[in-house]
Amino acid sequence: MAATPDTGFGGQKAPTQGPIAIDAPAVIAVEHLHKAYGATVAVDDVNFSVRAGEIFGILGRNGAGKTTTVECLSGLRVPDGGHLDVLGLDPRKDARELHELVGVQLQESALPPKIRVGEAVELYASFYRRPADGNHLLGVLGLDEKRGAYFRELSGGQKQRLSIVLALIGQPQIAILDELTAGLDPQARRETWELIEGVRDRGVTILLVTHFMEEAERLCNRVALIDHGKVIALGPPAHLGEQASTSKRVRLRASDQLPDNVLEALPEVSAVEHHGTDLVVIGSGDLVTAVVLAFDRAGLVAEDVRTEASTLEDAFLALTDAADATADGLGR
Amino acid sequence: MSTFVAAFSPSRRRAYRMLVLTELRLAWRTPSYLVVALGIPVLLLVIFGSIPSLTQPKKEFGGVSFFTIYTPTLMVLVLIVLGLLSLPSQMGSYREKGVLHRMSTTPVPASALLGAQVAVNILFAVVSIALILGVGGGAFNLVLPVQFGWFVLSLALAVAAMFGIGLCIAAFAGTARVALVIAGLLFYPLAFFSGMYGPLAVYPGVVGQIAEWAPTGAAFNALHASLGGHFPGWTTVGVLAAYAAVFSAIAVRWFRWDVERSRTRSGRVLALLTLTRSVTLPGDVTGEQVSTALHDGLPSRFEVEPATKFKGRLFGFGTEPAGPDVILVTTGTTSIGRAQVTVVRALGDTRVRIRSGGQVLYSALSVVRKVRRVLGDLAEALAESQPPPAASAKRPKEKEHT
């Protein structure tokens, strides 16, 4: 871990770095959460738990029920059914106490256009029993020079960073961040990711809602894929990638062309694709060995052999497609 | 009980203080607000005070001058503008923009923010009324044998009544726009009974009697009497106190800051207040054609703006790539009634949507009715000129009466 400056983020001292212990206590537990708006079911049956110190991602398409889930967890909406537990509190009944311990950054929220950045931080600091040092937080998030600027004068990225400052101003144990990087340019997004990791390293558990696969892969210890109001997969991003695809892809460059039918004749191979000078062989089993041996038998050399890991994005598409297919099968 | 105690704990008090300070700053940074809250009442006072004939005592005003009798009217107007127009629209915009939403994730409830808004508006009202008294007394020799105790009581009751009505509007309206529509409907009658269009003393008996029972009329009477050194009378005080109690109670009972509930309710109110009617024209009709037809067909007191391509958000559904044509129809110079005419071509037909606007309901409705009639004629003319498809029912020409 690169030396992080003393950020003074909230939470406990002990930085939890590296993998999260499996037996870390659950700080959020969601059981059979259900929420409907009139006839529209936003969240059907969602179950997951978040362990202390991890970055937990909630992934899903627009309208999958992600925001409703975190709004229920934040005590903003009343669930129609199910059980929620956040740090031993019921988000609905103990909302005040919960808000002391959980910092929330929501999508559809804003500040008055003519409030100055410094004033907003000071105002929000006054809401909490043990506020963090606002000026210090502004410095950490690179908003030092914007302290005197009106909220409406900030760029999208600056507004998001201010939003993170406000979510952390109460020194929360958990930060819920909804679509944090939506609308940011790639550079700003990457910077935000580093900030999130910095927050986590200070011992704050993070619940991150996103629809960016890359973001989830990069940041999250575990993710829950939500579709049609249900969790359709849960686990570390890498595992989900493997879980989703049984097929493997081997990409290579050959010194000379081997006829496709030779490769296709192999039991391990299901398809052969040409991408420019690259050859991509798709199949299962011990695919690399089979392909390399086939080239060897033909007296050719396979160069630059790479196996392509299937990404979380593949997993996401495969899983949501499967969910759609099931839904269609049920006559929806 | 514990929340009640927590609400007044020292840390909470700090939060409330910061909220009020922030709202004060925001109000101070809104020039239009300052002009309306402080500038206009004093300006009117200065204008009336500078016209000699208005400062002469008149028998019909009960032996005082127009200037003297208009002073309490200005005070009531300050309360109407701040309590009825400004407060609900501020609250609506906080709700719309997600400011309340953001705040409801903190330990301090969003209602504290609304409380701060009420406090700041009341503070500005008191400052404005003090300015009226100060400027009137200092610059224009407005000598008022003020009954101080009764004046303070009358003012407090008037504030409670007006802000109570304002909070009821805010409770119903989810957005600033709806709040302004409702407040706009109430503004004219309330302003009338406060004597804005002339002292009620000059109106014949019945109007004066109604005014006694109207919230602003009672407020005027109470302030006028106490400023003149009299006891306002139990009826007036009682009426004002009743309005204050009833509206404050309704506001407290019904007010919901959360987004979820208020949206559906405001949708219903909006549907009630802004009328939308559609007319289908056969074939492809351009915005210019509709605009020309409206220009020729409507009486000359209506202004018809040429059709423009709609840019930006349409009824909150995002930007439409091929923006429809929009024509604005207004009633001449006053623009008191307005209609927005949207022309959308789809599936071989042209759909024209007429949406009412403006400040006064009945004139807005009459604009919609007239536009609709002209478009109905246009539809018939077009249907006749076109080769009628098979069984195109040629409607018998309806003679509509005005």
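Thr210(A) is found in strand S7 (residues 205-210) of chain A; helices (H or I, at least four residues) and strands (E, at least two) are DSSP runs, numbered from the N terminus. The structure is a predicted model, in which local features need pLDDT of at least 70, side-chain atom pairs count only at pLDDT 80 or more, and totals for chains, interfaces and linings use all residues. Residues are numbered from 1 along each chain as its sequence is written, chains are lettered from A and ligands numbered from 1 in the order in which they are written, and side-chain values use heavy atoms, with hydrogens and water left out.

Thr210(A) counts as buried because its relative accessibility is 0%, where buried means under 20% relative accessible area, exposed over 50% and partly exposed in between (1.4 Å probe, protein chains only). Leaving aside neighbours within four places in sequence, Thr210(A) is in contact (heavy atoms within 4.5 Å) with residues including Ile58(A), Leu59(A), Lys66(A) and Glu215(A). The side chains of Thr210(A) and Glu215(A) are also joined by a polar contact of 3.2 Å. A polar contact is a pair of N or O atoms within 3.5 Å; within protein, one must be able to donate a hydrogen and the other to accept it, and residues adjacent in sequence count only if both atoms are side-chain atoms.

We turn now to the interface. In chain A, 31 residues are in contact with 28 residues of chain B. The area buried between the two chains is about 2700 Å², and carbon and sulfur atoms give 56% of it; buried area is the accessible area (1.4 Å probe) that two parts lose on being put together, summed over both.

Between chain A and chain B the count is 2 salt bridges, each a side-chain nitrogen of Lys or Arg within 4 Å of a carboxyl oxygen of Asp or Glu. Arg25(B) forms a salt bridge with Glu119(A), with the closest N and O atoms 3.7 Å apart. The elements that give two or more residues to the side of chain A that touches chain B include strand S1 (26-37) and helix H3 (117-125) of chain A. H3(A) provides the largest share of that side, 5 residues.

The mean pLDDT of chain B is 77, and 77% of its residues reach 70 or more. Among the elements of chain B, helix H2 (residues 10-28) has the highest mean pLDDT (89) and helix H1 (residues 2-7) the lowest (46). The model scores ipTM 0.72 and pTM 0.68.

Definitions and conventions
pLDDT = per-residue confidence, 0-100.
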